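Here is a short walk through one protein structure. Take a first look at it, then read on.

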Amino acid sequence: SLPLTEVCEAISKQDWKHLLMHDQLKVALDSSSIFIDYKEGPITFAPTYKYDVDTDVYDTSEKKRTPAWCDRILFKSNNGREIDVKNYRRSEITSSDHKPVMGLYTCDVLSIDKDKLMEIERDLYEQSKHLSEQQMKSEADALSPKIGSVVAHRTLLKSSQNTPKGLRKSETPENSPGKRKLVASATSSDSNRDILNQYLLSMTTIVQHLSGTFTNVDLIKSAVNLLGSTVKATITFVNSVPDNPINVEFIEKLTTTFGTLAGCAKVAVENKENKEFFDKLEQQAKKLVDVVKMYVTYY
């Protein structure tokens, strides 16, 4: 609700408090007029929209849209369980006119069937090693997220409700009966590296399938969707590894690289007859694999 010049001046001073006083969503949340009982992490980053694509410059088109926080993550706790915001920030990708927002959260759960969790992970891993092209298409259709640099990147860290391998149960500090808190177990570095190598093998297999999909839009989408799911699983596992100072850097590199890859995929799909765009997609997919190869050595 502020004029463009005032907003730009506040951004240059990083005066987020002043801007948030006039942010429509925050005002509505504070007044409980919408999204009752939903919360949001503290905003300590610049407005995320609207940028000129491939730049860090706000809209210079004729419309000159006023910068705003158009990308948000809201959360709500059921049954009084706490959700703790560990990290809430924006990505600095330039392939979109948005700066996607990401968050890291922890929460209490009642229980987890560890044997069932491990069984599902093993099944998914085995399936990814033997994917035919038709299976890739079917699997991606079942997952159904759409390719797009904003959609794919924005959902990466939001899926932290998927409990990673290597978690154990322990009592919460208040030792309330029946209530359990998930904490990361101390796994050996060899074990951590083995698990990450499994995810790396899955990504490598998918990228190999991607290499032969030029002009096949469905298979491009399928491969990128599967890569996105594997990246999510990798990030979830990395978050479960305690006290590793490289975690944040690794996750940021993964999300940034995949965000760029998703943007390349969108362009390749829209220009399916132009091999130059597909080659860029393939190069970015190989970069994603290289990122995992590089960081595996730290675990």
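This is a predicted model: local features need pLDDT of at least 70, side-chain atom pairs count only at pLDDT 80 or more; totals for chains, interfaces and linings use all residues.

Residues are numbered from 1 along each chain as its sequence is written, and side-chain values use heavy atoms, with hydrogens and water left out.

Begin with the fold. The protein has 10 helices and six strands. Both are DSSP runs, numbered from the N terminus: helices are H or I with at least four residues, strands are E with at least two. Of the 299 residues, 43% are buried. Buried means under 20% relative accessible area, exposed over 50%, and partly exposed in between (1.4 Å probe, protein chains only). Contacts are heavy atoms within 4.5 Å. Among contacts with a separation of 6 or more, 68% join residues 24 or more positions apart.

Now find Lys99. This residue sits in the loop between strand 3 (83-90) and strand 4 (101-107). Is Lys99 buried or exposed? Lys99 is buried, with a relative accessible area of 0%. Its side chain makes a polar contact with the side chain of Asp56 at 2.6 Å. A polar contact is a pair of N or O atoms within 3.5 Å; within protein, one must be able to donate a hydrogen and the other to accept it, and residues adjacent in sequence count only if both atoms are side-chain atoms. Leaving out residues up to four places away in sequence, Lys99 also touches others, including Tyr51, Asp71 and Arg90.

Last, the cysteines. Cys8 is partly exposed at 36% relative accessible area, and Cys107 is partly exposed at 39%. The structure holds zero disulfides, a disulfide being a pair of cysteine sulfur atoms within 2.5 Å.
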